[in-house]
Amino acid sequence: MANSINIFLLTLLLTFSLSAQQEPPSAVQNAVMDFDVQGYTVTMTIHNPEAKYISAVCTTTVKWNTIDTARYFFHLEGLSVDSIFSEEKKISFSKTDSSPTQGTFYTITEALPSNKDYIIYYSGTMTSEGGRFDWGGVHYKDGILFSMGVGFFAPYVSTTRHWLPCFDHPQDKATLSVSIIAPDSLSSIANGVLKGEAVLGNGMKKTDFVMNDLGATYLYTFAIGNYNKLILTSDEPAVTIYHYPSDKDAALFAYSKVSDMIKAFELRFGKYPFESIGYYDAPLGSMEHQTMITMDRSLTEEMFEQSD
């Protein structure tokens with residue numbers, strides 16, 4: 001009897017190991033992976049935010065935990081991978097559509113030396129999760145193009161895969177650098193510290209953000225729209241607010257206590273752990289994206305209306 005139980009357990013373990021190698025874990029599973037993503041560096045070009053069309057290249061730096069059975073999985077939903085390179089070598093990959101727990105994911109079986117880069121070229125029309133309460137993914141509303149990192153009805157939960165090819169699982173944390181090429185009449189926003197802006201001509205502008213702090217992919221975000229920018233204090237980190245042009249007074253009121261809130265929490269829990277903190281108002285929902293929090297515009301307006 002004991003031998004039968006041992007054989008059953010061994011078979012179960014081998015089955016799990018083999019299946020784990022064939023596809024990434026579901027959102028509620030924690031698995032030992034062959035790889036650890038160190039960082040994503042993406043340059044995305046969006047000529048017309050309303051069309052939601054993106055042409056982009058993402059450089060993914062991967063550290064390998066093993067090369068014996070090495071596979072790198074990444075998720076990308078509703079967009080097309082055009083090609084993948086490492087340095088000048090073209091890398092082969094396979095695509096799996098409509099997995100019950102994964103949506104669409106890609107597999108690379110060609111392991112690289114540790115800390116080398118996969119360069120992924122991709123494009124298409126960005127989407128959201130859909131459903132009766134359409135939340136996660138990429139939205140265009142009220143002149144704002146923006147992403148929400150978590151879904152409520154998609155089986156994969158984390159929805160950064162709707163704009164970034166990534167191992168979109170909360171167990172893996174990585175740095176993020178985002179360069180957005182978009183119309184120069186609009187503001188571009190992403191996680192981390194604003195590193196620079198450059199006018200490119202032909203009505204386009206490039207905006208660079210860098211987040212050196214490790215973050216789970218569901219906490220990544222970006223936005224493009226007609227925003228005004230406020231820096232509320234000279235304290236470190238400075239509080240940066242992106243608000244609708246007509247909402248300056250509401251934004252000044254709604255976010256006026258953020259610096260005091262940080263100081264209060266620091267007294268109890270230690271120093272604020274990130275390089276920056278920012279908020280941007282959006283026409284849908286609120287979400288705790290790391291260092292760049294999405295706030296429902298209606299809440300900003302409501303707080304201001306109740307200030308009297």
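Residues are numbered from 1 along each chain as its sequence is written, and side-chain values use heavy atoms, with hydrogens and water left out. As the model is predicted, local features need pLDDT of at least 70 and side-chain atom pairs count only at pLDDT 80 or more, while totals for chains, interfaces and linings use all residues.

Strands are DSSP runs (E, at least two residues), numbered from the N terminus. Strand E11 (residues 173-183) is largely enclosed by the rest of the structure, because 8 of its 11 residues are buried (under 20% relative accessible area, with a 1.4 Å probe and protein chains only). Two strands pair if DSSP finds at least two bridges between them. Strand E1 (residues 35-45) runs parallel to E11, and 7 bridges join the two; within this pairing, Val42 stands opposite Val178 in E11. Strand E14 (residues 204-216) is also a partner of E11, in the antiparallel sense and over 10 bridges. Here Ser179 stands opposite Asp208 in E14.

An open sheet is formed by 4 strands in the order E9-E10-E15-E12, with antiparallel pairing. Strand E9 (137-141) and strand E12 (187-190) each have a single partner strand and stand at the edges, so one side of each is left without a neighbour in the sheet. From one strand to the next, the twist averages 15 degrees (axes are lines fitted to C-alpha atoms, and angles run from 0 to 180 degrees between N-to-C directions). Strand E10 (residues 144-148) pairs with strand E15 (residues 222-225) over 2 bridges in the antiparallel sense, and Phe146 stands opposite Ala223 in E15.

The loop between strand E8 (116-125) and E9 contains Ser128. This residue, Ser128, is buried, with a relative accessible area of 19%. Its side chain makes a polar contact with the side chain of Asp134 at 2.8 Å (a pair of N or O atoms within 3.5 Å, of which one must be able to donate a hydrogen and the other to accept it).

The largest pocket is lined by 17 residues, of which Val193, Leu194, Ala238, Thr240 and Ser276 lie nearest its centre. A pocket is an open set of points on a 1 Å grid where a 1.4 Å probe fits, with protein on both sides within 12 Å along at least five of seven lines; lining residues have an atom within 4 Å of a point. Strands E13 (193-201), E16 (228-231), E17 (239-243) and E18 (277-282) are the elements that give two or more residues to this lining.

Notes: Buried < 20%, exposed > 50% of the residue type's maximum accessible area, 1.4 Å probe, protein only.
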